[in-house]
Amino acid sequence: MTTGTRLGRAPAHLLVPALLGLVFLLVPLAALVARTPFRGLPQRLTDPVVLDALWLSLWTATAAMAISLVVGLPLAWVLARVDFPGRSVVRVAVTVPLVLPPVVAGVALLSAFGRSGVIGAPLRDLGISIPYTSTAVVLAHVFVALPFFVVSVEGALRATSREYDEVAAALGAGRGRTFFRVTVPMALPGIVAGLVLGWARSLGEFGATITFAGNFPGITQTMPLAVYEALSTDPEAALTLSFIMLVASVLVLALLRERWFGEIAR
Amino acid sequence: MSPALNRRQPGSPAVALLAALALTVTACGGADDGGEGDERRLTVMAAASLTESFTELADRFEAEHEGVEVVTSFDSSATLATQVASGAPADVVATADRRTMQMMADADALAEEPVVFARNVLTLAVPADNPADIKGLADLQGSEFVVCAPAVPCGALATEALRGAGVTTRPRSLEVDVKAVLTKVLLGEADAGLVYASDVVAAGDRVLAVPSPELTEAATDYPVAVTADSGEPDLAQEFVDLLRSDEGRRVLDEAGFSSGEGEDQP
């Protein structure tokens, strides 16, 4: 990031709202940490139910991002680079899960993959049942996080001129080769941002997961579900769990930023 | 090339959305202010299972009290307890168990000793077509059923009932509230679920109650109390009286609740 030496100081009418926004985001988090009873922390950190929930949250969010990358990157590319009739309709369809209340997203997933669902019923005849499994958790995460990823990546792809693609094509690269050697590297900051955004969304996902996958420790109980369950019985435990989840996610993001994303996304 | 400018693109819809939200909030605030002053307002916070009966009782109360508006808010008892204990503006609070009411009493949020006004009996509910042919609690063995998490009142009752009936099959999901159990049964995503009698009534003919004599003692008491901070303590007391009147009894009966009389001290 460049400093404002040539452009002058940042003006107050931008700094003041920026500061307001920052304070608004940080005050509730600071208040949460301030209320966290740290005495219970060591005990929670060794509680197998908590560890199961944390591990489940981390791996399902990561798996959801792997799937999002495989199907979402091509989808974003198609939306950004391929002209076809009805493209704007498809774009709207991709963003619908963003405005859907997550619980409704869960019901939608049940309608598709549930016991009597359009896909779930035939699967059940084959002996495959998705609801109440960890697979259901991953599917719920993909459903709510994929739109974030696609919108973010499509924005990045549109921001990099397609002229570079055309130059690569003129130099003899096929469309597939151009995609991997030119388009993707240029849009990488957007792709990384999309993955981080989607991963974070997955980690906090509650409504779709509990509706579609249910809540069972070790199988479908992610951290937000564990926090919600604790909230109804032991609010102190809920605060401690929230704190653990907060620290774990910040740690992962910070580590990734240092180790990998830092070099390409900066 | 200016990355700073490019990045603005994906952000702008979000800004527009925020602006729209801000406008909506302002508009709502403006409309709200007009009605205040000439109308007395009674705020009733109640357990989610009371939604249907309290909505009707609120209507009757308004009809009997000229110029009084009853505002109802329904949520899980634990959430209500947290909200009222931290100063939510309620006049009357009714929960689905004694423990959450005690949490508010301990926080000095109640004006008086709570009184029990209804009872809700745990009920074995199956989808209308009863796909797994469940005829009693014992048939849950080997079936796909859901119950509440043991930490919440309906789950504690369910765990005990299942043990009593010798059911060792693991529930597919430990839902965090009873409505979630009902949803799974309604959607046909479970062969059966343990809910309250009032939930079966609320679900209409889409859900059947399977008679289970072993559940008659598995019940929860509903206490009600006027809050300490109530600005309308007399009106609030009249609402509590309505609950315990013949008229209130009838409405609660129709909603599936049994009589809570004879146990005044929770």
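This is a predicted model: local features need pLDDT of at least 70, side-chain atom pairs count only at pLDDT 80 or more; totals for chains, interfaces and linings use all residues.
Residues are numbered from 1 along each chain as its sequence is written, chains are lettered from A and ligands numbered from 1 in the order in which they are written, and side-chain values use heavy atoms, with hydrogens and water left out.

Chain A brings 19 residues to the contact and chain B brings 23 residues, where contact means heavy atoms within 4.5 Å. The two chains bury about 2,300 Å² between them, with 54% of it on carbon and sulfur atoms. Buried area here is the accessible area (1.4 Å probe) that two parts lose on being put together, summed over both. Of the area that chain A buries against chain B, 32% comes from Arg115(A), Tyr132(A) and Phe216(A), more than from any other three residues.

Between chain A and chain B there are nine residue pairs in polar contact, both residues being at pLDDT 80 or more. A polar contact is a pair of N or O atoms within 3.5 Å; within protein, one must be able to donate a hydrogen and the other to accept it, and residues adjacent in sequence count only if both atoms are side-chain atoms. On the side of chain A that touches chain B, α10 (207-212) and α11 (223-231) of chain A each supply at least two residues. Helices (H or I, at least four residues) and strands (E, at least two) are DSSP runs, numbered from the N terminus. The residues of that side of chain A divide into nine nonpolar, seven polar and three charged. In this division Ala, Val, Leu, Ile, Met, Phe, Trp, Tyr, Cys and Pro count as nonpolar, Asp, Glu, Lys and Arg as charged, and the others, Gly among them, as polar.

A salt bridge is a side-chain nitrogen of Lys or Arg within 4 Å of a carboxyl oxygen of Asp or Glu. The structure holds 20 salt bridges over all chains, and three salt bridges are counted between chain A and chain B. Arg115(A) pairs with Glu144(B) at 2.9 Å, N to O. Asp191(B) also forms a salt bridge with Arg115(A), with the closest N and O atoms 2.6 Å apart. This pair runs from the loop between α6 (178-186) and β7 (192-196) of chain B to the loop between α5 (102-113) and α6 (120-125) of chain A. Asp191(B) counts as buried because its relative accessibility is 9%, buried meaning under 20% relative accessible area, exposed over 50% and partly exposed in between (1.4 Å probe, protein chains only). Arg115(A), at 12% relative accessibility, is buried too.

Within chain B, Arg119(B) forms a salt bridge with Asp221(B), the closest N and O atoms being 3.2 Å apart. The pair links distant parts of the chain, 102 residues apart: Arg119(B) lies in strand β4 (residues 115-127) and Asp221(B) in strand β9 (residues 219-226) of chain B. Arg119(B) is partly exposed at 22%, whereas Asp221(B) is buried at 10% relative accessibility.

In helix α4 (residues 98-106) of chain B, Thr100(B), Met101(B) and Met104(B) are buried. The buried residues of α4(B) fall within an arc of 105° seen down the axis, so they line one face of the helix; the arc is that of the directions from the helix axis to the C-beta atoms. Their cover includes α3 (77-85), β3 (92-94) and β9 of chain B.
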